[in-house]
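This report walks through one model, from a single residue out to whole chains. Please look at the structure first.

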Amino acid sequence: MAIARAIRQVGPGLLLAALALVWAFPSLWVLFATFWQAGHFTLVHLSQAWASAPFGGYALNTVEIVGGLFFAQALFGAAVGFVLARYQFPGKGLITALFLLQIVVPLYAVLIQEYRIIQGLHLLNSKLGIMLPYAVSGIGVLTFRQAFRAVPRELEEAARLDGYGTLGVVWHVYLPRAIPAALAFAVVSVTYHWTDFLWPLMVTNTDAARPIAVGLAMLAQASEAGLQWNLLAAATAVVVLPILVLFALYHRRILAAFTASYDW
Amino acid sequence: MKGVKSMLRVWAAAAATGVGLLALAGCGNAGVASGSQPSSASHTITLTYDYPVGVSGPLAQIMNGMVARFNQTHPGIHVNPVFSGNYVQTLAKVETAIQSGTPPAVAVLNHTAVFDLLHLNAVQPLDSLVQSGDFYPALLQPKVGGHYWSVPFQRSTVVLYYNKALFAKAGLNPDQGPSTWQQLVQDASLIQEKTGVTGIEIPSDGTVYWEFQPFAIEAGQNLAANDGVTVHFNSQAAETALQFWVDLSHKYHVEPPGILPWNTVPDDFERGKTAMIVHSSGSLASIVQNASFPVGVSFMPQGVGQARTNMGGGDFYIFRGISPAQTQAAETFVRWMTAPAQAAYWSMHTGYVPVTSQALQDPQMQRFVQQHPQFLVAPEQLQYAEPELSTYQLNQIYEIFDSAVQSVLDGQTDVKTALNRAQQQAEAALAPYRTTGQ
Amino acid sequence: MVQESPLTPQVHPGPRGLPAPRWSQGSTGLAYAALALPAALVLAFVAWPSLSTLIHSLLALNARDEATGFAGLANYRALFAQPLFGHVLANTAWFTLAASTLSVLVALALAFLLARVRGDHPMARGLLVAIFSPTIIPTIAAANLWLYFLAPQIGLVDRLLRWLGLGGENWLGQPHSALAVMVALYLWKYAPYYALFLLAGMQAVPRNVLDALRLDDPRGALGFWRVLLPLLAPMLLFVTVLALLNAVETVDPIYVMTQGGPNNGTNLVMYYLYQLGFEFFAWGPAAALSALLMAVLSSLSALALIVLERRAFHWQ
């Protein structure tokens with residue numbers, strides 16, 4: 001009995017640990033192949049990988065694209081979310097449907113025409129060209145709308161009595177209460193755009209605009225033929241280490257925000 | 001109403017940020033002079049240069065090094081090298097750029113892309129560049145529409161690599177690879193028997209048609225005529241060759257069954273997992289460097305007639321839609337890259353054929369081939385080489401033929417059915433060009 | 001339908017169908033002003049390309065993707081006549097079915113395990129980071145690693161199998177095993193992500209329900225089927241639709257690992273669309289495929305959205 005109970009208590013943990021090992025194996029291998037050579041810790045692979053492609057530029061591009069997109073999506077999401085949560089006006093149904101359309105039609109379904117539009121605007125090979133089709137996020141709108149709806153009306157009324165206009169109310173009352181939702185949305189937005197590949201690949205032609213995922217794919221193809229796996233592993237480490245460290249540091253807050261905001 | 005104004009002001013600021021970015025992007029995107037490097041002098045001409053990597057080795061690094069040297073030695077010109085994937089991906093990228101009106105100035109693309117590029121009216125004739133060099137004639141075939149459209153650069157042949165140590169161990173003559181198909185099978189079985197190492201690996205993904213072509217040619221007929229619209233996928237020769245491929249795995253058991261990746265086959269060879277491989281001569285430098293045993297290189301073993309092979313690899317193209325000054329700069333760049341010193345350098349570091357006899361006569365190259373006589377095999381092969389499969393709708397035609405071969409290797413279809421179907425599909429795809437294209 | 005969880009927001013609009021009370025005192029003008037730019041962006045970059053995709057699928061297109069006239073349904077006929085089309089559809093159907101079913105099941109199992117281990121377990125931190133690492137690694141980076149693990153002879157998987165007396169398998173060299181590898185990669189990548197959604201859904205199950213279940217039914221079997229699953233059903237449906245969507249849209253690992261091969265065994269519809277357009281320049285069939293893809297993906301997304309709206313985001 002005692003054994004059975006012990007198994008029941010420890011079992012899930014052990015099972016999960018085993019699963020975690022399977023899931024983490026590629027990341028662990030990257031660390032091993034990058035930093036370990038002939039029984040020693042080494043930074044040689046990492047510095048070689050760093051020198052083999054303009055990773056600094058790629059990283060900067062990625063930060064600009066991912067950060068810029070989150071900023072734009074949050075700004076637009078908050079504005080539209082607020083209007084949809086708190087206003088009645090003619091055509092609201094239609095407007096709501098328009099923003100839902102952004103969720104309903106994935107960019108990849110209309111890839112070719114989207115490409116033509118960016119081409120027509122002469123935005124090929126630019127970061128803006130990568131970003132524009134994603135600038136407004138329907139999920140962002142829904143997330144903020146939901147968060148704003150949860151704000152008690154008394155707070156808004158109190159703020160108005162204090163003399164705030166609508167924008168002031170939004171800034172002082174609504175936005176602070178939407179921070180967990182914004183954080184949760186950031187997880188969705190950042191993971192998506194950080195890992196996005198085919199669209200940035202198609203839009204970009206040179207290192208000037210390529211984000212890190214595309215740069216890594218290019219490096220992999222260039223060295224794949226020579227199968228320089230250690231170099232490739234180190235390049236992968238360059239790409240994934242920062243985000244892994246960030247996630248390791250903040251995962252509690254991120255996961256908590258996520259589960260709290262998407263507790264449908 | 002203050003709110004409305006503030007709101008609009010927020011959007012105006014957002015839009016201004018966007019337009020600001022747009023203006024920044026615009027600099028990098030104006031005309032063909034893409035890339036963000038600011039012109040150091042107002043007279044610097046910027047060229048975008050797209051190139052693929054299709055063989056083993058750190059070719060992108062070697063290429064970037066050469067371009068950097070060109071930029072240093074040519075003050076008025078700045079070339080931006082852009083690595084764009086393998087040959088198919090690079091062609092896709094360049095054709096898309098052409099369609100959007102922003103072609104690169106120069107690109108290395110398959111010699112065989114010429115029909116599609118002409119169909120798009122995308123490239124400039126390069127007759128004077130070609131005629132002023134002394135390129136090997138085999139590299140210039142076929143001449144389309146009476147012009148030369150590309151300058152030979154990273155050209156290769158299909159060769160047979162063999163592990164001399166394993167040959168010696170099995171009691172075979174290590175100075176000579178197998179010279180006939182029959183002998184290939186015998187040697188491979190003997191090695192497997194004596195050493196336990198796999199006999200041979202022939203890659204069968206990526207550009208299957210290319211590794212297959214020498215076998216078809218040796219069996220009597222190339223896969224295509226040189227007019228861009230005629231293919232011979234279901235010829236007797238193709239059938240014989242494909243049957244031989246199947247037999248290597250399933251009858252003689254000297255090759256692993258299934259589809260072998262282009263990229264890992266050289267790796268298997270370097271690690272002594274297989275005694276022989278068929279691969280591009282362009283992989284030679286990397287294979288010699290990575291292998292811990294003496295590497296033998298030989299002609300493809302002969303089929304019915306004498307030993308043959310086929311050409312492969314990429315040429316320089318210069319595109320339409322760039323300014324006359326850029327065209328001139330692009331010609332300077334191409335002339336420099338294919339000049340004896342650079343051609344020899346590229347050849348020594350990759351294994352690609354030295355494209356001119358002057359490059360082969362280059363003193364450094366001569367010293368090099370004395371140490372590494374394997375590098376002479378591909379140039380000697382040139383006189384027996386036939387052109388690579390080249391048509392309109394190139395990528396689709398390649399895909400059709402490669403699928404046919406793979407479906408046979410995979411055991412899904414028999415040789416005859418697969419090749420007949422490929423012929424039908426290719427004819428259907430080429431039909432529009434047959435009537436109007438020429 | 002579904003019981004409200006204590007965690008859903010306290011302030012609800014009126015019953016569905018009735019307008020929410022209006023109590024922001026700003027003008028409607030402000031509302032329109034706030035909507036102007038985002039709405040314009042959605043019109044330009046979502047609505048227009050959708051419409052344009054439909055229109056182009058009915059036009060005759062040359063090799064430069066320029067319209068040369070009206071084509072009726074000729075593009076659709078040309079698409080169906082493409083030698084690869086049937087093959088690609090079959091691949092996509094198998095892949096989607098296997099990947100989405102398995103990933104949701106694994107996600108469900110993961111969610112239950114994670115729900116038990118959560119809290120301040122000393123190992124929790126490492127476990128969570130480990131399990132969610134695939135979610136934050138770009139597929140491209142992961143695909144390169146998998147390519148290495150699966151390489152015949154030299155790859156870790158083959159070496160491990162040979163150590164067990166098996167092996168010699170060229171996983172990416174045969175159409176069926178290559179497609180299976182793609183399913184495994186999908187599982188590895190997405191199951192934890194879906195588990196996160198399910199975990200969020202489980203937070204919504206009232207604590208007292210869980211406690212009651214634990215007392216009445218220690219083994220949990222009955223409670224799972226009768227109580228938990230129905231409570232989780234909307235979230236499960238949402239995650240399933242999400243899984244289907246992601247499966248149909250799978251393209252990154254194909255581009256890096258197999259380029260659709262071997263013998264087009266891993267050529268899935270999204271990669272095929274890219275290939276038709278940007279490699280074969282068969283713009284007509286590509287336009288038709290794009291329109292069909294849009295119809296399928298939009299219906300799926302709309303379904304997901306309806307589930308969402310009914311569960312939490314009350315329409316308007």
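## A residue in the core

Tyr194(C) touches Ser103(C), Val104(C), Ala107(C), Val239(C), Leu242(C) and Ala243(C), leaving aside residues up to four places away in sequence. Two residues are in contact if their C-beta atoms, placed from the backbone, lie within 7 Å. The model is predicted: local features need pLDDT of at least 70, side-chain atom pairs count only at pLDDT 80 or more, and totals for chains, interfaces and linings use all residues. Residues are numbered from 1 along each chain as its sequence is written, while chains are lettered from A and ligands numbered from 1 in the order in which they are written.

Tyr194(C), Leu198(C) and Val239(C) have the most contacts inside the largest nonpolar core, which has 330 residues. Such a core is a set of buried Ala, Val, Leu, Ile, Met, Phe, Trp, Tyr and Cys residues joined through C-beta atoms within 7 Å. Helix 7 (residues 175-203) of chain C gives the largest share of this core, 18 residues. Domain 1 (45-155 + 312-386) and domain 2 (157-310 + 392-437) of chain B both contribute residues, so the core lies between them. In soluble globular proteins, nonpolar side chains tend to be buried together.

## Chain C

Chain C has twelve helices and two strands. Helices (H or I, at least four residues) and strands (E, at least two) are DSSP runs, numbered from the N terminus. The order from the N terminus is α-β-β-α-α-α-α-α-α-α-α-α-α-α.

Buried residues make up 49% of the 316 residues of chain C. Buried means 20 or more other C-beta atoms within 10 Å of the residue's own, exposed 12 or fewer, and partly exposed in between, with C-beta atoms placed from the backbone. Among contacts in chain C with a separation of 6 or more, 70% join residues 24 or more positions apart.

## Chain C against chain A

The contact draws 81 residues from chain A and 87 residues from chain C. The chain A side has 59 nonpolar, 14 polar and eight charged residues. Here Ala, Val, Leu, Ile, Met, Phe, Trp, Tyr, Cys and Pro count as nonpolar, Asp, Glu, Lys and Arg as charged, and the others, Gly among them, as polar.

## Chain B and its domains

Chain B holds 18 helices and nine strands. Of its 438 residues, 58% are buried. Its C-alpha trace spans about 90 × 50 × 50 Å along the principal axes.

Domain bounds come from an automatic or database domain assignment. For chain B this gives domain 1 (45-155 + 312-386) and domain 2 (157-310 + 392-437). Their C-alpha centres lie 26 Å apart. Their contact takes 28 residues from domain 1 and 31 residues from domain 2. The domain 1 side divides into 13 nonpolar, 13 polar and two charged residues.

## Helix 3 of chain B

Why is helix 3 of chain B largely enclosed by the rest of the structure? Twelve of its 13 residues are buried, so the rest of the structure largely encloses it. The buried residues include Tyr87(B), Lys93(B), Glu95(B) and Gln99(B). Their cover includes strand 1 (45-51), strand 3 (106-110), helix 4, strand 8 and helix 17 (394-409) of chain B, together with helix 11 (269-279) of chain C.

Just after helix 3 of chain B, Gly101(B) takes a positive phi of about 75 degrees.
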